[in-house]
Amino acid sequence: MYVHWEPHHVDHIAEHNVEQQEAEYVALHAQPPYPELVGDGKRAVWGQTKAGRLLQVIFVYRSVETIDLEDVPPHWRLELGAMDEVICIIHARELNAAEKRRLRRRRGRP
């Protein structure tokens with residue numbers, strides 16, 4: 001799945017000290033019960049980065065037709081032709097202590 005980034009969303013997650021690669025990893029490796037619909041077409045994922053950080057990532061699905069191909073790296077352009085939707089991450093932040101405990105309990109860990 002292709003993750004499309006809009007510049008203001010990149011800036012927004014940077015304000016929360018989250019890197020694009022971290023947010024993408026969490027969104028693309030969601031484990032049930034995630035992604036979870038949270039309203040207005042937004043989906044939330046709580047998950048772990050490769051480095052072990054626990055993040056909340058909020059994204060929406062967008063139609064491929066709405067993406068300007070000039071903004072897409074050349075190696076993705078051909079693959080996008082076979083897709084109907086892409087992920088657009090709009091928010092990401094580290095989970096707070098209570099959320100981390102809740103996530104660990106959901107996963108059956110202390």
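Of the contacts (heavy atoms within 4.5 Å) between residues at least 6 apart in sequence, 61% join residues at least 24 apart. The model is predicted: local features need pLDDT of at least 70 and side-chain atom pairs count only at pLDDT 80 or more, while totals for chains, interfaces and linings use all residues. Residues are numbered from 1 along each chain as its sequence is written, and side-chain values use heavy atoms, with hydrogens and water left out.

The protein contains 4 helices and 5 strands, assigned as DSSP runs (helices H or I, at least four residues; strands E, at least two) numbered from the N terminus. Their order from the N terminus is β-α-α-β-β-β-α-β-α. The radius of gyration, taken over C-alpha atoms, is 15 Å, close to the 13 Å that the globule rule (2.2 Å times the number of residues to the power 0.38) gives for 110 residues, so the protein is as compact as a globular protein of that length. Along the principal axes, the C-alpha atoms fill a box of roughly 45 × 25 × 25 Å.

Buried residues account for 36% of the 110 residues, where buried means under 20% relative accessible area, exposed over 50% and partly exposed in between (1.4 Å probe, protein chains only). H91, in strand β5 (residues 85-94), counts as buried because its relative accessibility is 17%. Beyond residues up to four places away in sequence, H91 touches H12, I13, H16, Q56, V57 and I58. L28, in helix α2 (residues 20-28), has 38% relative accessibility and therefore counts as partly exposed.
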